Amino acid sequence: MPRTALLRDWVQTLFEPEFPVAEIRIEPASADASFRRYFRVTLPDQSTRIVMDAPPEKEDCHPFVHIASLFHEAGAHVPEVIAHDLAQGFLLLSDLGSTTYLSALQDRKTAPQLYRDANSALVAIQLASRPGVLPEYDHSLLSRELALFPEWYLGRHLGLTLDAGMQSTLDAVFAALLANNLRQPQVFVHRDYHSRNLMVIGGSFPANPGILDFQDAVHGPVTYDLVSLYRDAYIEWPEEQELDFLIRYWEAARQAGLPVHADFHDFYRDYEWMGAQRQLKVLGIFARLCHRDGKQDYLKDMPLVMRHLRRTCERYGELRALARLLDTLEKRTADVAYTF
């Protein structure tokens with residue numbers, strides 16, 4: 001039976017006999033970069049719910065349920081898990097609406113309040129941190145993420161084969177990034193805390209943000225979610241504005257007793273180096289989404305991610321070799337493209 005039919009049957013068992021199935025409207029709400037899909041269920045009383053469809057052979061719903069409870073206890077605004085069938089891969093969730101931060105931030109005047117709320121929610125999640133509850137964002141996982149860049153971005157997307165010198169440069173830069181990332185204080189990490197996963201709730205800022213897509217959360221570097229938020233792949237801010245947002249987080253984190261550097265300069269360096277790791281990963285993921293999964297829309301977001309990466313690599317001597325390597329590789333790609 002098609003999953004859409006299975007989903008409808010499951011929803012029917014939840015709401016009948018109170019609401020006849022013929023009077024329940026089920027429509028696509030969104031999809032994400034995984035195999036998960038989301039549907040909005042509108043009941044005859046016009047109240048709505050969200051159904052997550054996560055095929056069990058592709059996705060595991062257990063982490064979502066666990067982390068939803070964990071973040072809710074921390075005081076974050078996450079969807080309530082109303083019902084679930086983990087064997088079939090269905091979750092019934094409360095509806096956090098359809099207005100993302102990305103949409104709301106098209107009016108730049110909303111940014112100070114929205115980001116203040118996002119900082120507050122992040123501090124609350126980080127304050128609840130304790131080891132042994134979520135998977136560790138350890139050397140193995142960080143390394144696997146970095147490996148996506150040469151495999152999918154350089155190899156598959158650009159069609160390049162690295163020589164020994166190029167590989168040596170990548171290895172040295174990756175080792176430096178990993179050493180920095182692993183030295184950072186460890187907290188709960190959402191792992192995709194950005195403008196497409198944060199929701200404006202009912203147009204009322206004090207309830208913000210509604211937080212989605214947290215099922216891959218880990219215990220890892222304190223700056224990671226800030227990089228997701230302020231060096232977002234989908235919206236760009238001038239560095240002076242980014243610094244203002246970031247300093248406000250840093251001040252709130254210090255006041256709350258979170259383990260951030262006492263010197264903002266040191267904190268900002270960690271933030272940028274964590275950013276380079278994430279940007280390399282994201283370039284690899286976007287290339288994989290395009291070439292493996294046929295999701296070409298992500299290609300348009302690559303240039304912003306590359307600008308973030310280049311800015312950091314140009315700024316720090318230990319990372320400058322990567323900037324030079326990117327220059328070489330992009331020139332080689334351009335030369336190949338125009339040899340005809």
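Which helices each supply at least two residues of the lining of the second largest pocket? In this predicted model, they are helix H4 (111-127) and helix H8 (239-256). The volume of the second largest pocket is about 180 Å³, and its lining divides by class into six nonpolar, three polar and four charged residues.

Over the whole structure, the search returns two cavities of 30 Å³ or more. The largest cavity holds about 60 Å³ of space, and its lining is made up of His194, Val227, Ser228, Arg231, Asp232, Ala233, Arg278, Gln279, Val282 and Val305. Two or more residues of this lining are given by helix H7 (224-230) and by helix H9 (264-291), with H9 providing the largest share, three residues. In terms of residue class, the lining of the largest cavity contains four nonpolar, three polar and three charged residues.

The second largest cavity contains about 30 Å³ of space, and the residues lining it are Arg36, Met52, Ala54, Glu59, Asp60, Cys61, Phe64 and Gln215. Four of these lining residues are classed as nonpolar, one as polar and three as charged.

Contact between the domains involves 16 residues of domain 1 and 21 residues of domain 2. The size of an interface is often given as the accessible area lost when the parts come together. For domain 1 and domain 2, the buried area amounts to about 1600 Å², with carbon and sulfur atoms giving 69% of that area.

With regard to the confidence of the prediction, the average pLDDT of the protein chain is 92, and 95% of the residues score at least 70. Residues 336-340, by contrast, have a pLDDT that stays under 50 throughout, and for this stretch the model shows zero contacts beyond four places in sequence.

Technical notes:
Residues are numbered from 1 along each chain as its sequence is written. This is a predicted model: local features need pLDDT of at least 70, side-chain atom pairs count only at pLDDT 80 or more; totals for chains, interfaces and linings use all residues. Side-chain values use heavy atoms; hydrogens and water are left out. On a 1 Å grid over the protein atoms alone, a cavity is a set of points where a 1.4 Å probe fits but cannot get out, and a pocket is an open set with protein on both sides within 12 Å along at least five of seven lines; lining residues have an atom within 4 Å of a point. Grid points are joined across faces, edges and corners, and a volume is the space filled by probe spheres set on the points. Helices (H or I, at least four residues) and strands (E, at least two) are DSSP runs, numbered from the N terminus. Ala, Val, Leu, Ile, Met, Phe, Trp, Tyr, Cys and Pro count as nonpolar, Asp, Glu, Lys and Arg as charged, and the others, Gly among them, as polar. pLDDT is the predictor's confidence in each residue, from 0 to 100. Contact means heavy atoms within 4.5 Å. Buried area is the accessible area (1.4 Å probe) that two parts lose on being put together, summed over both.
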